[in-house]
Each structure stands twice: as structure tokens, then as C-alpha cells.
Amino acid sequence: MWIFWRTASSGEKSLRDSSDTNHYGLLLGATGAVAGFFASSLVNYNFGDGEVALVVWWLMGIVVALTVRENAHEASKLDS
């Protein structure tokens, strides 16, 4: 979960000054959702609830897809 938080946070920071507001907004929302998930995990056992786990896995997929896409885009800029 720490790696997921770090990936979402670093992806959001890398897109902060870009013109791609859609991807930035998604990563910013994902970072906030992870923070909310962590906060609610202090008093609840969220990993045992199937619906919550499904949303977390979906959120992880979105973050990974956007981060990989951004890294590939930055690498193509460096090659040219």
C-alpha cells in the first residue's frame, strides 16, 4: 500500500505543471482516495470488505496505467 501511495503521489507531482488536466485530476483524486482509505482503515477493517477491495484494485489499475503512460511519454520526449 505504501508503494501504491508513493506511485499515485509521484504521478500527481509529475503532472502538476503539465497541460494534461484530465490525467492530473485523476491522479490527484486517486491520491486523495488513498488518503481516505488509509484514514478509514484506522478504525475499520477495509480489506475484508469485497466492495471496498474491488474499488481499491480498480484505483490501483488507473494509477498504474496513467503513470506508465506518463513515463512512456516522457521517455519519448527524451529520445527526440
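Let's start with Trp 5, which is partly exposed at a relative accessible area of 24%; partly exposed sits between buried, under 20% relative accessible area, and exposed, over 50%, using a 1.4 Å probe and protein chains only. Before going on, this is a predicted model, where local features need pLDDT of at least 70, side-chain atom pairs count only at pLDDT 80 or more, and totals for chains, interfaces and linings use all residues. Residues are numbered from 1 along each chain as its sequence is written, and side-chain values use heavy atoms, with hydrogens and water left out.

So what does Trp 5 pair with? By the rule for aromatic rings, there is 1 aromatic pair. Rings of Phe, Tyr and Trp (for Trp, the six-membered ring) pair if their centres lie within 6.5 Å; planes under 30 degrees apart are stacked, over 60 edge-to-face, and the rest tilted. Here the rings of Trp 5 and Phe 38 have centres 6.2 Å apart and planes at 45 degrees, so we call the pair tilted. Trp 5 is in helix α1 and Phe 38 in helix α2, 33 residues apart, so to speak a link between distant parts of the chain. Phe 38 is partly exposed too, with a relative accessible area of 30%.

Now the helices themselves. The protein chain has 3 helices and 0 strands; helices are DSSP runs of H or I with at least four residues, strands are E runs of at least two, and both are numbered from the N terminus.

How do α1 and α2 meet? The axes of α1 (residues 2-14) and α2 come within 8 Å and cross at roughly 150 degrees. Those axes are lines fitted to C-alpha atoms over the stretch in contact, with angles from 0 to 180 degrees between N-to-C directions. That makes α1 and α2 roughly antiparallel; the cut-offs are under 35 degrees for roughly parallel, over 145 for roughly antiparallel, 65 to 115 for roughly perpendicular, and oblique for the rest. On the α1 side the contact (heavy atoms within 4.5 Å) includes Phe 4, Trp 5 and Ala 8, and on the α2 side Tyr 24, Leu 27 and Phe 38 are among the residues.

Lys 13 is in helix α1 and counts as exposed at 53% relative accessibility.

Buried or exposed: which is His 23? His 23 is buried, with a relative accessible area of 14%. His 23 is found in α2, residues 21-41, and touches Leu 15, Leu 66 and Arg 69, leaving aside residues up to four places away in sequence.

Last, the whole chain: buried residues make up 25% of its 80 residues.
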